[in-house]
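Student: I have a new structure to read. Please show me where to begin.

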Amino acid sequence: MTTSTTHVDPGGRAVPPGRTRRGVAGVQPVAAMLGVLALGLCLVTSLDVVSAAVALALELLLLPVLRIPPRTALLRASPVLVAVPLTALSIALYGRPSGREWFDLGFAHVTDGSLALALATALRVLAVGLPAVLLFVGVDPTDLADGLAQLLRLPARFVLGALAAVRMTTLLGEDWRQLAMARRARGLADHGRLRRGASMAFALLVLALRRATTLAVAMESRGFGAPGPRTWARPVRFAGREWAMVGVLVAIGVVSVGVALAAGTWRA
């Protein structure tokens, strides 16, 4: 059985458990997950620039609706923003050569076709990656676990185990700081940075395994692994807001593919 926890809105502010969140922040995370999957399926049907550019433009137009501070949005989207140029560079160097050749490095060919493919791939990574990251800013893992178990009917044992693991990962940073302070108090943190880091990593692994074993025994003793139907502390509904989010993301994918078909750039 899941328990009620304090929520965090996209702006980083705590929301008491008894208060209902409004807008996009109050949408069940499963709806965002299903919508992003549908958008990705629409965009992977073609490798043209037009469909990806249209999808990305529509997403940027709808970005103010999320009410996420620009600094938070850039910070959360930084992995996607770093992956995009690296992906484009690899496609430009090793993509299928076609058209005019710009230069040949022997092991890499840069042509008009590989550059067009690199641009289309970069835009597509942005179009799929940005909503996948920004829609989950401030999502409570308990809300997601409730949705996965009650809406998608995933096994409760798997969902609750994953939820417990996610909750425990937040303790790793504090454990690392405690280990560093303990070693510094014993005079073991003055030299040998690489050796010290390796020994601390091993100690952190041992500590994590011990905590995981204790947590597993505690969950089993409380009946989390018992077969049969399970009750949930917070019932989940897939209502109007959830359908609206899925519909908007599906519409973005359909419109982008439609524009590409109308422009004659769509290709399987």
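Tutor: One caution to start. This is a predicted model.

Student: Which residues of the largest nonpolar core touch the most other members?

Tutor: The general idea comes before the case. In soluble globular proteins, nonpolar side chains tend to be buried together. Here the largest nonpolar core has 30 residues. Leu56, Ile68, Leu126, Leu134, Leu135, Met245 and Leu249 touch the most other members.

Student: Which elements give two or more residues to this core?

Tutor: Helix 1 (29-43), helix 2 (49-66), helix 3 (70-94), helix 4 (112-134) and helix 9 (240-263) do. Helix 4 gives the most, with 7 residues.

Student: What is Leu249 in contact with, leaving aside neighbours within four places in sequence?

Tutor: Leu249 is in contact with Ala32, Gly35, Val36, Leu39 and Leu135.

Student: Now the helix pairs. How do I read one?

Tutor: Two packed helices are described by the angle between their axes and the distance between the axes. Take helix 1 and helix 9. Their axes lie 8 Å apart, at an angle of about 10°. Helix 1 is therefore roughly parallel to helix 9.

Student: Which residues meet in the contact of helix 1 with helix 9?

Tutor: From helix 1, they include Ala32, Gly35, Val36 and Leu39. From helix 9, they include Met245, Leu249, Gly253 and Val257. The residues of this contact divide into 14 nonpolar, 3 polar and 1 charged.

Student: At what angle do helix 3 and helix 4 cross?

Tutor: Roughly 160°, and their axes come within 9 Å. An angle over 145 degrees counts as roughly antiparallel, so that is how helix 3 and helix 4 run to each other. The crossing of helix 3 past helix 4 is right-handed.

Student: Which residues meet there?

Tutor: Among them are Ala73, Arg76, Ala77 and Val80 in helix 3. Helix 4 brings residues including Leu126, Gly129, Leu130 and Leu134. The contact of helix 3 with helix 4 divides into 17 nonpolar, 4 polar and 1 charged.

Student: Which are the buried residues of helix 5?

Tutor: Thr142, Asp143, Ala145, Asp146, Gly147, Leu148, Ala149 and Gln150. Ala145 also belongs to the second core.

Note on methods. Residues numbered from 1 in each chain as written. Predicted model: local features only at pLDDT ≥ 70, side-chain atom pairs only at ≥ 80, totals over all residues. Heavy atoms only, no water. Core = buried A, V, L, I, M, F, W, Y, C linked by side-chain atoms within 4.5 Å. Buried < 20%, exposed > 50% of the residue type's maximum accessible area, 1.4 Å probe, protein only. Helix = DSSP H or I, 4+ residues; strand = E, 2+ residues; numbered from the N terminus. Contact = heavy atoms within 4.5 Å. Axes fitted to C-alpha atoms, helices over the stretch in contact; angles between N-to-C directions. Parallel < 35°, antiparallel > 145°, perpendicular 65-115°, else oblique. Left-handed = near helix turned anticlockwise from the far one by under 90°. Nonpolar A, V, L, I, M, F, W, Y, C, P; charged D, E, K, R; others polar.
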